[in-house]
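Please look at the sequence and the model together before reading on.

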Amino acid sequence: MLPHSDGWELLGRFRELPGMRDVPVIICTILPQQDLALALGAAALLRKPVSREQLLMALDQQIGPTARRSC
């Protein structure tokens, strides 16, 4: 739902960039397409509306609570 593209295309392009394949991407969407998100390389999918607690939990699962606090 981005102008001229969508998040799925953007994720696919991101994954094609050298050195970016291992960067965790968390998708926040209203769409119930977790299988698609994971197939395209997303680390997780959160359904909107996303609470602060859900976001922090997803971040902790990807980078760990210690890393997140130092950011």
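**Overall fold**

The structure is a predicted model. The protein chain contains 4 helices and 2 strands, and from the N terminus onward these elements follow the order α-β-α-β-α-α. The chain has 71 residues, of which 18% count as buried. Among contacts between residues at least 6 apart in sequence, 26% join residues at least 24 apart.

**The nonpolar core**

In soluble globular proteins, nonpolar side chains tend to be buried together. Here the largest nonpolar core consists of 7 residues: Trp8, Leu11, Val25, Ile27, Ala37, Ala42 and Leu45. Leaving aside residues up to four places away in sequence, Ile27 touches Trp8, Leu11, Ala37, Ala42, Ala44, Leu45 and Leu46.

**Helix H1**

Helix H1 spans residues 7-16, and its buried residues are Trp8, Leu11 and Arg15. These three lie on the same side of H1, because they cover an arc of only 60° around the axis. The face turned away from that buried side carries Leu10, Arg13 and Glu16, which are exposed. The cover over the buried residues of H1 includes the elements in the table below.

| Element | Residues |
|---|---|
| Strand E1 | 26-29 |
| Helix H2 | 34-39 |
| Strand E2 | 44-47 |

At the start of H1, Asp6 places a side-chain oxygen within 3.1 Å of the backbone nitrogen of Trp8.

Thr29 belongs to strand E1. Is Thr29 buried or exposed? Its relative accessibility is 9%, and since buried means under 20%, Thr29 counts as buried. The side chain of Thr29 reaches the backbone nitrogen of Leu31 at 3.0 Å. With residues up to four places away in sequence not counted, Thr29 is in contact with Leu45, Leu46, Arg47 and Lys48.

Ile63 is located in helix H3, which comprises residues 52-63. Its relative accessibility is 39%, so Ile63 counts as partly exposed. Ile63 and Pro24 are separated by 39 residues in sequence, while their C-alpha atoms are 8.3 Å apart in space.

Conventions: Residues numbered from 1 in each chain as written. Predicted model: local features only at pLDDT ≥ 70, side-chain atom pairs only at ≥ 80, totals over all residues. Heavy atoms only, no water. Core = buried A, V, L, I, M, F, W, Y, C linked by side-chain atoms within 4.5 Å. Buried < 20%, exposed > 50% of the residue type's maximum accessible area, 1.4 Å probe, protein only. Contact = heavy atoms within 4.5 Å. Arc of directions from axis to C-beta. Polar contact = N/O pair within 3.5 Å; in protein donor to acceptor, adjacent residues only side chain to side chain.
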